[in-house]
Amino acid sequence: MFVLTMYVMLLTLDDYKPTYQDRLATPGMMIRPKGNALEISYNSEDTESWDLYVQALDNFLAPYNESQQIMNNKDCTPNTYFIQEDAGEIRNNPKRSCQFNRTVLGNCSGINDRYYGYPDGQPCVLIKLNRVIGMLPGKDDQSPYVTCGAKVNYSQPLVAVKFLNVTYNADINVECKINSLAIANPTSDRDKFAGRVSFKLRINKN
Amino acid sequence: DSYGMFVEMDKMDGEMDVQIKKKKKIKKKERLENMKKEMDIDDHEITIEELEMKYTTSVTKGLTTNMAQQVLERDGPNELKPPKGTPEYVKFARQLAGGLQCLMWLYLAITLIAVVVQALVIRDGQKNQINANMLVVGDLVEIKGGDRVPADIRIISAQGCKTRSPECTHENPLETRNIAFFSTTCLEGVATGVIINTGDRTIIGRIASLASGVGNEKTPIAIEIEHFVDIIAGLAIFFGFTFFVVAMFIGYAFLEAMIFFMAIVVAYVPEGLLATVTVCLSLTAKRLARKNCVVKNLEAVETLGSTSVICSDKTGTLTQNRMTVAHLWFDNMIHAADTTEDQSGQSFDQSSETWRALARVAGLCNRAIFKPGQDTVPIPKTLSRYLAKADRQPQPKMAQLGLIYLLVMKGAPERILERCSTILIKGQELPLDEQWKEAFQTAYMDLGGLGERVLGFCHIYLNEKEYPRGYRFDTDEMNFPTSGLCFAGLISMIDPPRATVPDAVMKCRTAGIRVVMVTGDHPITAKAIAANVGIISEGSETVEDIANRLRIPVEQVNKRDARACVINGGQLKDMSSDELDENLRCHPEMVFARTSPQQKLIIVESCQRLGSIVAVTGDGVNDSPALKKADIGIAMGIAGSDAAKNAADMILLDDNFASIVTGVEQGRLIFDNLKKSIAYTLTKNIPELTPYLIYITVSVPLPLGCITILFIELATDIFPSVSLAYEKAESDIMHLKPRNPRKDRLVNEALAVYSYFQIGAIQSFAGFTDYFTAMAQEGWFPLLCVGLRSQWEDVHLQDLQDSYGQEWTFSQRLYQEYTCYTVFFVSIEICQISDVLIRKTRRLSVFQQGFFRNKVLVTAIVFQLCLGNLLCYCPGMPNIFNFMPIR
């Protein structure tokens, strides 16, 4: 009986788009590398202390290689939404997303600087917006991204932050916020990760 | 000695070695057994010289001060030990622990106020005024009008001393005139006497300590709830342990598994149950109060419903407690008078001349007065009522009748007859020959056999010449004729049964409740009243009746043939407890006459040994031990003494036996309704528990939170479960046998299994279906949920992917979890609404019982829905109570 009701319930669900997205009005934000409890702390002279972060970034950026992006995603026009409507009964699935090349990230792409500036005390931190299906984030001068249908090979747009002048041996609390007209600006909401992200940065130097 | 024992008993409450405790218990038991035995007092029979010897005292000089001091040290002070109560601080602690019953805080306010009584004592030949508690056995004391008798006293010399008849003696075999009892009041006169008993060894003291020594029996509902708690606790620990093992097996850390174990046990406790039970009982208590039953102890309400034996007092409870003329004999005929309370019945033919004469004699020979507002009541009617409590000593009285005097006299019939030479028949004075005397005897025996008190009346017109106007009659010198009078007739009186009683006794009978009469009255009177009210039903015979009918000796009668049985105190004294049990077993209709307080207790105990739930009614101090021992003690509100009211669980404001029957009905109803309420309350335990179990075993995100559970238990479900208490009786509950306390439990396995594993399971499935639907619709497919727990609850994981690849922050997931709580909550609520309709009836169908007959229940359902909506959709709820608006 229970199994039957569950089965019937599952039949009513869409394969590609959730029925409701009540909880996801404001997408969450997240940083890479994630570190322990959103804390990036290392000693610039101690290779082992930052090597982890570099590896994490390498892994994270791997799908953003140009070859991968061209293979999977479409090159879209900047500043327009790439919307793939279903044509009536024929579902337009799987959907494709726009290309986001690693090269866009410049110094933080890991192509020129293999270590993302970590040994120099100028670390790169990538900020990503949580994926939410059907979200139209609005235009943003910094982020030429468009969302589209769910895809296995979807890679989110990223923003890179490079800290150029960091005081050594001190905790730096960083809060990044998304500025957009379409995304409700969370001000006093309890969710510290909706449309913003805070993390701590500490670079030690002997 | 006994004082020491009391001290020890008091200490028993403290923490003492178990072994010592056991010893004490045996001691205590022995002491109680002693108490129950009849008191042997011979002090009123021995001579004063012997008395002096016995107490080494002197009737002129009293004790020496030294001696008194010694005795005081030996016996302790002359005061009643306050009843062995739990120390106040323990009660306080218990209340704190027990919660809820705030009413009991009142106990704290109750303290005993001791009043110091002074007594005039003669010691060393000197009169001294000392505190009554310093008195000792052997002391010579003086009492005068207005004093409270300070101890049991053997009166040595007295001048017109009268004490108010103590409450304990009218049913006490010790009928003597030279003993004044402790705590009675000397009304007038002066007396000197030797103290024979002090403190707790006085008659009153013994009764009081018997009452306090008799443990309060646990009420059946308390037993039921204990039984129920056992079941719950057993199941909780079983479940807890099973899942503890499962958790350990799955690979949780020991500590984590331990927390799970505790959480399950706690989740299993039906938090709302106690509130429900208390409210249900209070409701009934309130309803009973309107019907003149004040319930002191809430649990007593239900006890009344399971009562299977009622030991009822006669005077005042079954009867009107006033002597009323029942029969008259004149003109060689027995006439029946109207004994109803409001004189509405048929009266006899009052046209005879003899009646007029008899009425005149009776009217003149009594001290009745008209109460205000009774001026218009016809005299014969008032007359028949106020002949009460007449002396049986012949009392001549004079009355002026025009120019001549009329001498009227009433008294014991045989004594009156002795003084008569003529008899009044149809207004004619006929010579009193053997034939009339025989007729008189027959009538006297007949009336006596009815258990009535018979009085004879006679008169004589005095000669005008011998006794002219203004003649001074002197009753001491008897300067008037006291023989050769004219016999007018007999009037017999009885304390008639209350009009409602026979009906009530009948109802008890159909309800399978046995009514046993226990009275201090004479066996014949007791039997007559018992037959009158139906305690001894028509056609039932006692062993003696059968013997009479068959003209065989009593010994040859088969005891089992006799349905009825009248046992008097004397017989009871010689009976072993087994014999008494045997008697109670084989005679369904029992009357105990001439019983003492101790015997009342023995009877109650015997009934309890036979497995009955016993209700006892009583009014006097002497009844308090039995009232306390009984499963439910019922005190009389009007006639009852404070001691009786204290010992009782319930008070009948109108002293009417019929009120008990109402009580029984309500008690049975509440048991039925409590069963429904509890079943209803229990059911939701399962859908509250399973989310947690699934959470542990399958590691899904938690479907139902603690706060939500508390809301179900204490907010939304309270009203419907209480509303079941308003449910009307399904069938005629007064035609069923009383429940068998051993078989018909409040919560039995069948009910638990049905609640838990059928309805509970259905509710759980409903909850989970909704839970998984809510999750899936937001993007978390059931299969993904499985095993998701640790990631789901990871505070640092801000981008957990759902089935669609969407990423969720922790906070978003938390609110999603709250949504699940709410969804689960709503499922349980909806299921519970149908559950309350299921529980509404146990035997009939809902349609037979009527959907809307219980208005409270309908209101409760509406209330539940409104509250549910409020919780879900009121702004601010998500953050305060973890409720989310759902679609």
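Author: Let's start at the interface. Three elements of chain B each supply at least two residues of the side that touches chain A: α28 (749-777), β24 (807-808) and α31 (810-839). Of these, α28(B) gives the most, with seven residues. By class, that side of chain B has 11 nonpolar, 15 polar and four charged residues (Ala, Val, Leu, Ile, Met, Phe, Trp, Tyr, Cys and Pro count as nonpolar, Asp, Glu, Lys and Arg as charged, and the others, Gly among them, as polar). Helices (H or I, at least four residues) and strands (E, at least two) are DSSP runs, numbered from the N terminus.

Keep in mind that this is a predicted model, where local features need pLDDT of at least 70, side-chain atom pairs count only at pLDDT 80 or more, and totals for chains, interfaces and linings use all residues. Residues are numbered from 1 along each chain as its sequence is written, chains are lettered from A and ligands numbered from 1 in the order in which they are written, and side-chain values use heavy atoms, with hydrogens and water left out.

The contact (heavy atoms within 4.5 Å) takes 30 residues from chain B and 35 residues from chain A. About 2,900 Å² is buried between the two chains, and carbon and sulfur atoms give 55% of that; buried area is the accessible area (1.4 Å probe) that two parts lose on being put together, summed over both. Salt bridges across this interface come to zero as well, with a salt bridge being a side-chain nitrogen of Lys or Arg within 4 Å of a carboxyl oxygen of Asp or Glu.

Over all chains, though, the rule does find 11 salt bridges. In one of them, Asp835(B) pairs with Arg839(B), with the closest N and O atoms 3.3 Å apart. The two sit four residues apart in helix α31 of chain B, so about one helical turn separates them. Asp835(B) is buried at 1% relative accessible area, and Arg839(B) is buried at 7% (buried means under 20%, exposed over 50%, partly exposed in between, with a 1.4 Å probe and protein chains only).

Arg509(B) and Glu589(B) meet in a salt bridge at 3.2 Å, N to O. This pair links distant parts of the chain, 80 residues apart: Arg509(B) is in helix α16 (residues 501-510) and Glu589(B) in strand β19 (residues 589-593), both of chain B. Arg509(B) counts as partly exposed because its relative accessibility is 26%, while Glu589(B), at 2%, counts as buried.

Elsewhere in α16(B), Val501(B), Ala504(B), Val505(B) and Cys508(B) are buried. They lie on the same side of α16(B) because they cover an arc of only 100° around the axis, taken from the directions from the helix axis to the C-beta atoms. The buried residues of α16(B) pack against β8 (309-312), β17 (514-518), α17 (523-533) and α24 (657-683) of chain B. Just after α16(B), Gly512(B) takes a positive phi of about 75°.
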